[in-house]
Amino acid sequence: MAETTIFPRRLILAGATISGVMLALAVHMLGQRFGLDLGGLWRSDPVNFMPIGSAIAWWLIAAMGFVSGYVAANLLDSAASGRIPRRMRHFLIGIGVLVLAGAGQAASAPNAIATASGVIAGLIAVLLGGVMAFCGAHFALKRA
């Protein structure tokens with residue numbers, strides 16, 4: 001009988017958190033391309049208290065971080081135990097490459113946001129995506 005290798009939970013948690021942060025950053029870059037920027041919260045515009053684009057950007061980044069951390073932890077746990085089919089692995093890798101390629105294309109375009117505001121928004125997107133990806137991966141591993 002073949003012996004199954006058990007991967008440490010911390011390794012799966014770290015991998016799921018990293019993939020969640022990457023996908024949250026990809027959503028942040030794609031969102032900026034479509035006019036959804038986090039920097040809208042720091043503008044002192046008396047007409048609009050909080051632009052709807054900023055709120056949508058916050059929720060999209062947080063949701064993508066949480067969901068991708070949760071899904072990545074489940075997939076990594078299944079892949080480590082050998083329960084995921086080869087075709088499904090190839091399909092998921094292809095989807096991840098396409099999303100990251102789209103984010104790379106969006107990041108290479110000229111940016112209409114000021115540099116300091118863009119850097120701060122990027123750092124906040126990384127932190128928000130990281131925290132939410134960790135929470136999603138933690139919940140997935142607690143359930144497993």
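Predicted model: local features only at pLDDT ≥ 70, side-chain atom pairs only at ≥ 80, totals over all residues.
1. Some ground rules. Local features need pLDDT of at least 70, side-chain atom pairs count only at pLDDT 80 or more, and totals for chains, interfaces and linings use all residues. Residues are numbered from 1 along each chain as its sequence is written, and side-chain values use heavy atoms, with hydrogens and water left out.

2. How many salt bridges turn up? The count is 1, taking a salt bridge as a side-chain nitrogen of Lys or Arg within 4 Å of a carboxyl oxygen of Asp or Glu. Asp 77 pairs with Arg 9, and their closest N and O atoms are 3.6 Å apart. This pair ties together distant parts of the chain, 68 residues apart: Asp 77 sits in helix 2 (residues 52–81) and Arg 9 in helix 1 (residues 9–33). Helices here are DSSP runs (H or I, at least four residues), numbered from the N terminus.

3. Are the two partners buried or exposed? Asp 77 is buried, because its relative accessibility is 17%, while Arg 9, at 40%, is partly exposed. The cut-offs: buried is under 20% relative accessible area, exposed over 50%, partly exposed in between (1.4 Å probe, protein chains only).

4. Now look at helix 1 and helix 4 (residues 115–143): their axes come within 7 Å and cross at roughly 140 degrees. Axes are lines fitted to C-alpha atoms over the stretch in contact, with angles from 0 to 180 degrees between N-to-C directions, and contact means heavy atoms within 4.5 Å. Among the contact residues are Arg 9 and Gly 20 of helix 1, and Gly 129 and Phe 134 of helix 4.

Technical notes: Helix = DSSP H or I, 4+ residues; strand = E, 2+ residues; numbered from the N terminus.
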